[in-house]
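I opened this notebook to keep track of what I looked up, in the order in which I looked it up.

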Amino acid sequence: VGCCSESNHKHRRMEGSSQQAPLVCPGHSRGVVQVSFSNSTPDGVFLLSACLDGKPMLRRGDTGDWIGTFEGHKGAVWSAKFDAPAYRAATGSADFSARLWDALSGDELSEFNCGHIVKSVDFSPDNSKLLCGGKFKKLQIFDLEKGALLKTLEGHTHGVKSALYSPSGTTVFSGGEDKVLRVWDLNSGAQVKTFEVKKEITSMQLNCGGGVITFTAGTEVHFLDTATLEMTKVLECPIVNPTLGGNVKVQDITSASLSPDRKRFIAGGPADQAWPDPWVHVFDYETGQEVECNKGHHGHVWDVAFAPDGETYASGADDGTIRIWRTDPSKAKG
C-alpha cells in the first residue's frame, strides 16, 4: 500500500502544477458526470459524455469537436459507453431507462426499462449484451439482439454506482453504496469474490487494453487484476486543494483512470459543494505520489479517462465542459 503524506502532497502540487492549456469542449448545460473514449477505430478515436442535462454527446477524441447529441432521455444521464467497434453507444439515465443508439446516425435503437435510476452501463466484449446497474440494487443484463432482459444478479444491499464486464466476458464487477466490490460468475450467477472497502465505491474503470480494474473508494485508489482477481495495489491518495494555501484539507477521490502503460493514473474529485475541487490530479502509479496538477475547470471534476493511446486524457466537470489534456505537456503543439 502506497501512501502520500499531506506535506508531500502540498510540496509536489506547488512544484508540479501544470500550466498546459487543455482543449476545452463546451456544449453541455449541466455537469458532465462521465467521459468515455472509444477503442481506436479506422476512423479515429471518439469521446462520449454523460451529462446531468440529459443530452449525451459524441465528439472526436483527438480534437474534441462535436459530432452529435443523442436526443430522447427525459432525465439526467449518468453513464455513456461505446461498444467495441464504436458503431453503437449505450446510455443510462435517471428516467429509469438504458438506451441503445446508432453512433453513426444518432438514432435510438432500443430502450430498456430498469425500474429505477440507471447509474452504469457497459457492453459485453462480444457486443451482444448490455450490463446495467443503479439505484435498483442489482445488476440487469439485456440481450441486445432480442431486446429482452437476459439475467438479473442480486446481492447488493444499496445502490450500484458502477458495473463492468471482464475482458473475457465471463465475469462482471460491480460496486457502489454498500462499500463492497463484488465479482460475479455469469455462468452460475453467483458471487465468486468480494472486497470490502472503507467507503462507498464512486467509480470503476477497465484500463485501456484490459487487465486492470481501477476503482475509487474514499481517499483510496484500488487496482484489481481481472485475470487473477487479486488486488495488486491499494494507494492512499487524498485530494488536497492547492487554492487553500497553507490550510491543507484532505478530500475523497471520486474518479480515477490508469494509463495504458500503467505508469501513472489521473484522479478527480470531490463533489463537496462547500469545497469543490476544480483540479485534475496526476499520480505516479508505483509510489502514489502526486506529480502534476492541472487547473482549468470551474467546478468539481466528476470523471476522468485516458485515451486508448495514453497520449491524452479527458476530464468532465460540474462546469458543463470536457477538457482534453496531454499526458506529456512538452509535446503540446506550439
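The model I am reading is a predicted one.

Entry on alanine 86. Setting aside neighbours within four places in sequence, I listed Ser38, Thr41 and Ala103 as the residues in contact with alanine 86. I also took the C-alpha to C-alpha distance from alanine 86 to asparagine 39, which is 7.1 Å although the two are 47 residues apart in sequence.

Entry on the chain as a whole. Of the contacts with a separation of 6 or more, 45% are between residues 24 or more positions apart. The chain exposes about 13500 Å², and carbon and sulfur atoms supply 48% of that area.

Entry on confidence. The average pLDDT of the chain is 90, and 88% of the residues score at least 70. Over residues 1–17, however, pLDDT stays under 50, and for this stretch the model has 41 contacts beyond four places in sequence.

Entry on the largest pocket. I recorded a volume of about 1100 Å³ for the largest pocket, and a lining of 46 residues, among which Lys81, Asp122, Leu164, Gln205 and Leu206 lie nearest its centre. I then asked which strands each supply at least two residues of this lining. They are β4 (32–37), β8 (77–82), β12 (118–123), β16 (160–165), β20 (201–206), β26 (255–258) and β30 (301–306). By class, the lining has 20 nonpolar, 20 polar and six charged residues.

Entry on threonine 171. This residue lies in strand β17, residues 171–176, and at 12% relative accessibility threonine 171 counts as buried. Beyond four places in sequence, its contacts are Leu164, Tyr165, Ser166, Val183, Trp184, Asp185 and Leu186.

Entry on leucine 144. I placed leucine 144 in the loop between β14 (138–143) and β15 (148–154), where its relative accessible area of 9% makes it buried. Residues up to four places away not being counted, leucine 144 touches Arg88, Leu100, Phe112, Phe123, Asn127, Ser128, Lys129 and Leu130. For asparagine 127 I also noted the C-alpha to C-alpha distance to leucine 144, which is 8.2 Å at 17 residues apart in sequence.

Entry on backbone angles. Lysine 179 has a phi near 65 degrees; it sits in the loop between β17 and β18 (180–185) and, at 39% relative accessibility, counts as partly exposed. Leucine 229 has a phi near 60 degrees and lies in the loop between β22 (220–225) and β23 (231–236). Is leucine 229 buried or exposed? With a relative accessible area of 16%, leucine 229 is buried.

Terms used:
Residues numbered from 1 in each chain as written. Predicted model: local features only at pLDDT ≥ 70, side-chain atom pairs only at ≥ 80, totals over all residues. Heavy atoms only, no water. 1 Å grid on protein atoms, 1.4 Å probe; cavity = no way out; pocket = protein on both sides within 12 Å on 5 of 7 lines; lining within 4 Å. Points joined across faces, edges and corners; volume = space filled by probe spheres on them. Helix = DSSP H or I, 4+ residues; strand = E, 2+ residues; numbered from the N terminus. Nonpolar A, V, L, I, M, F, W, Y, C, P; charged D, E, K, R; others polar. pLDDT = per-residue confidence, 0-100. Contact = heavy atoms within 4.5 Å. Areas by Shrake-Rupley, 256 points an atom, 1.4 Å probe, with all protein chains shown as cover. Buried < 20%, exposed > 50% of the residue type's maximum accessible area, 1.4 Å probe, protein only.
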